[in-house]
Amino acid sequence: MQKPHITPGQLNWDDLKHFLEVARSRKATVAAARLGVDYTTVSRRIRALEQALGALLFEKSRGTGFVLTAEGQRLLGFAETFESTLQAACEQVSGAGLSLSGNVRIGSTEGFGSFFVTPQISRFQQRYPDISVDVVAVPHFLSLSKREADIAISLERPTSGPYICSRLCDYRLRLYATPAYLAAHRPIGALGDLEGHPFCGYVDDLAFSPQLLYLDRVVPRAASRLRSTSVIAQYQAVLQGDTLGILPCFLAGPDERLVEVLPEQVEVLRQFWMYYREDLAKLRRITLVAEYLRACAERNHAFLLGEERSMRFG
């Protein structure tokens with residue numbers, strides 16, 4: 001494809017917007033649904049952008065969908081920066097700094113997103129009712145580059161990428177059981193007494209982070225008869241009174257149906273990292289949510305470590 005000589009004024013922002021959605025979803029049908037247009041409009045916009053740039057931006061196949069070419073990858077970075085700059089400009093010019101609005105999507109691990117982030121962020125919305133928040137609490141990593149989330153909360157610090165990253169908090173996991181389980185099984189007074197007791201844990205080969213594979217290290221030769229990719233499913237299993245489970249204190253600690261087992265001998269310390277793309281730092285609603293989550297974590301330091309059973313709210 002012959003490269004024409006073009007100026008920035010000849011580029012159409014609508015074409016770039018369609019390009020970004022296809023790059024993130026890899027499917028023109030999904031991009032069309034997100035943009036509220038039909039499939040043919042998306043295809044036409046992509047063709048117009050490729051003709052304007054004189055470059056092939058996507059390779060298309062039935063198996064992988066729309067995959068960025070090298071030229072498409074280069075354009076993606078510039079387009080995302082432009083998108084964020086445009087959003088920031090709209091915030092400033094429209095006076096959004098005084099009346100903040102817009103959407104922020106938080107991607108988090110399943111348990112933390114459901115049992116800590118969601119209760120805390122509900123109080124945030126009482127203060128900023130014009131900011132809508134999506135909490136995507138899932139047992140896997142989300143891609144910031146594909147805009148699956150604006151802010152990510154993860155077990156691991158990102159090793160690369162144009163991110164603003166900070167350690168959000170430490171949290172502790174302990175061994176839990178129901179009183180009924182402990183009454184029906186032989187007494188547990190030391191680590192050696194755990195041998196032969198049933199445990200629930202993660203499916204090793206499907207765990208999305210090695211940080212989750214702590215059961216065998218904490219309780220060697222643990223008999224894990226029930227496994228799940230979901231910490232909430234493990235929590236529900238322990239509540240049935242048929243198994244032991246290592247669970248986050250922020251999840252199991254407030255539940256009076258559960259008791260800690262060997263709390264001084266069986267515990268795991270982990271961290272959560274929070275990060276977002278550098279270009280999103282221009283958006284006040286993004287930094288405001290990030291600052292709020294940091295304040296929530298600091299306020300609940302003892303709760304997250306299992307030293308208090310009740311969550312604190314500002």
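How many disulfides does a search of the whole structure find? The search finds zero, where a disulfide is a pair of cysteine sulfur atoms within 2.5 Å.

## Basis

This is a predicted model; local features need pLDDT of at least 70, side-chain atom pairs count only at pLDDT 80 or more, and totals for chains, interfaces and linings use all residues. Residues are numbered from 1 along each chain as its sequence is written, and side-chain values use heavy atoms, without hydrogens and water.

## Cysteines

Take Cys165. The closest cysteine sulfur is in Cys169, 12 Å away, too far for a bond. Cys165 is partly exposed because its relative accessibility is 22%. Cys296 is in no disulfide either; its nearest cysteine sulfur, in Cys169, is 11 Å away. Cys296 is buried, at 0% relative accessibility. Buried means under 20% relative accessible area, exposed over 50%, and partly exposed in between (1.4 Å probe, protein chains only).

## Helices α5 and α10

Helix α5 spans residues 110-127 and helix α10 spans residues 284-299. Helices are DSSP runs (H or I, at least four residues), numbered from the N terminus. Their axes lie 11 Å apart, at an angle of about 125°. Axes are lines fitted to C-alpha atoms over the stretch in contact, and angles run from 0 to 180 degrees between N-to-C directions. The pair is therefore oblique. Under 35 degrees is roughly parallel, over 145 roughly antiparallel, 65 to 115 roughly perpendicular, and the rest oblique.

Contact means heavy atoms within 4.5 Å. In α5, the contact residues include Phe116, Ile121 and Phe124. In α10, they include Leu288, Tyr292 and Cys296. By class, this contact has 10 nonpolar, one polar and three charged residues. Nonpolar covers Ala, Val, Leu, Ile, Met, Phe, Trp, Tyr, Cys and Pro; charged covers Asp, Glu, Lys and Arg; the others, Gly among them, are polar.

Terms used
Helices (H or I, at least four residues) and strands (E, at least two) are DSSP runs, numbered from the N terminus.
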